[in-house]
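Visitor: I would like to learn how to read a protein model feature by feature, with the general idea given before each case. Could we look at it together?

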Amino acid sequence: MVTLAEVAQHAGVSASTVSYVLSGKRSISSTTRQRVEESIRKLGYHPNAGARALASNRSNIIALMIPLRTDMYVPVMMEIAIAVAAGARTHGYDILLLTGEEGPDAVRRVTGSGLADAMILMDVELDDERLPLLRGTHQPSVLIGLPSDTEGLTCVDLDFRATGALCVEHLAQLGHRDIAVIGEAAAVYERHTGFAERTLDGLRTRARELELRLLHRPCEGGYDAMAVTLARIFDERPGTTGFVVQNESAVEPLLALLRQQGRAVPEDVSVVAVCPEEVATQASVRLTSVSVPAQEMGRRAVEQLVAKLDGRGSDEVVLLAPELTVRASSGPAPVRP
């Protein structure tokens, strides 16, 4: 293990000068700072985490709260988490991953113990019970998600309301008048999870404006659940020709069931998905989709948080504009006899 004294000897400075360069507590000339930093790189010196925390009053850790629920599509959540971890490392921070469904208790534990310098929260609900605690602490935080009230908060998210509207507009331009939305599991809506509720609001609002008929049905995902959901849709709306899917685990079962029923995609029915790019491109029919920009969301959240830690950031809402990519699953509505 390389010691601070060895770094000082290599750089030709005192040990206290190396300490000041690391902590930033005193002004050091740029020439000396560069010499010390070069010695640190060459020798591979890593400051003791405990000593560094005591010296700087920081842990250099960001807590990432990401409840892993069985009714959520975990791969996209983990893609965001990996992007957060990678972004944090570029700024010298490590990640403390909190995956339990503890809600406010986890926020209290982090803020009360000094485990982390800041927090990023995922799986945000419209009326999230963690938010009053965030507003009551001076610890910087960023939400990946959008609650109903964003006052005093910094949020990063895909504009899911605009996403829903974009999907409806695409199908309307192709002549589809009856659209069915296959949504997340019912529990996701019962929790009033922000992304699902906002997508649905965008779908319904734009459908009303365009005078389209729109039916929403939650789905647990998987073949059996999708079979029941699809049967209900065609029983209630036999003229349905357009589908919007916001449920990754329902995508392939839906396509398989449509094939079994003799409904060709896109000749008889069109399918548009809100999902990660790889889900859309690897499906049995390449899906027209709005991609969930997981890596961009994670990266932007870290940038916002580091700015707050450095005293440069302010509370703001960053909404990423949706982009719809047309592929093989959407086409003109069939002409009715």
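Visitor: Which residues does V326 touch, not counting residues up to four places away in sequence?

Guide: Contact here means heavy atoms within 4.5 Å, and by that rule V326 touches H170 and T288, not counting residues up to four places away in sequence. Before going on, please note that this is a predicted model, in which local features need pLDDT of at least 70 and side-chain atom pairs count only at pLDDT 80 or more, while totals for chains, interfaces and linings use all residues. Residues are numbered from 1 along each chain as its sequence is written, and side-chain values use heavy atoms, with hydrogens and water left out.

Visitor: Where does V326 lie, and is V326 buried or exposed?

Guide: Buried means under 20% relative accessible area, exposed means over 50%, and partly exposed is in between, using a 1.4 Å probe and protein chains only. V326 has 52% relative accessibility and therefore counts as exposed. Its place is in the segment after β12 (324-325), where helices (H or I, at least four residues) and strands (E, at least two) are DSSP runs numbered from the N terminus.

Visitor: How many helices and strands does the protein chain have?

Guide: The secondary structure comes to 14 helices and 12 strands, and the C-alpha atoms fill a box of roughly 90 × 40 × 35 Å along the principal axes. Of the 337 residues in the protein chain, 50% are buried. Among contacts between residues at least 6 apart in sequence, 71% join residues at least 24 apart.

Visitor: Which residues have the most contacts inside the largest nonpolar core?

Guide: A nonpolar core is a set of buried Ala, Val, Leu, Ile, Met, Phe, Trp, Tyr and Cys residues joined through side-chain atoms within 4.5 Å. The largest one here has 49 residues, and I120, I144 and L203 are those with the most contacts inside it. Helix α14 (residues 294-309) gives the most to this core, with seven residues. A second, separate core of 26 residues includes M226, F234, F243 and A250.

Visitor: How do the axes of α5 and α14 cross?

Guide: Axes are lines fitted to C-alpha atoms, for helices over the stretch in contact, and angles run from 0 to 180 degrees between N-to-C directions. The axes of helix α5 (residues 74-90) and α14 come within 8 Å and cross at roughly 40°, which makes α5 oblique to α14. Angles under 35 degrees count as roughly parallel, over 145 as roughly antiparallel, 65 to 115 as roughly perpendicular and the rest as oblique. A crossing is right-handed if the near helix is turned clockwise from the far one by less than a right angle, and left-handed if anticlockwise; α5 passes α14 in a right-handed crossing. Among the residues making the contact are I80, A83 and V84 of α5 and M297, G298 and V302 of α14.

Visitor: How do the axes of α11 and α12 cross?

Guide: The axes of helix α11 (residues 223-236) and helix α12 (residues 248-260) come within 9 Å and cross at roughly 55°, which makes α11 oblique to α12. Their crossing is right-handed, and the residues in contact include M226, L230 and F234 of α11 and A250, L254 and L257 of α12. The buried residues of α12 pack against β6 (178-183), α11, β8 (242-245), β9 (270-275) and α13 (277-282).

Visitor: What backbone feature comes just after α12?

Guide: G262 takes a positive phi of about 80° there. The loop between α12 and β9 holds P266, and the peptide bond from V265 to P266 is cis, with omega near 10°.

Visitor: Which phi does D123 have, although it is not a glycine?

Guide: D123 has a positive phi of about 55° and sits in the loop between β3 (118-121) and α7 (131-135), where D123 is buried with a relative accessible area of 7%. H192, also not a glycine, has a positive phi of about 55°; its place is in the loop between α9 (186-190) and α10 (194-209), and at 41% relative accessibility H192 counts as partly exposed.
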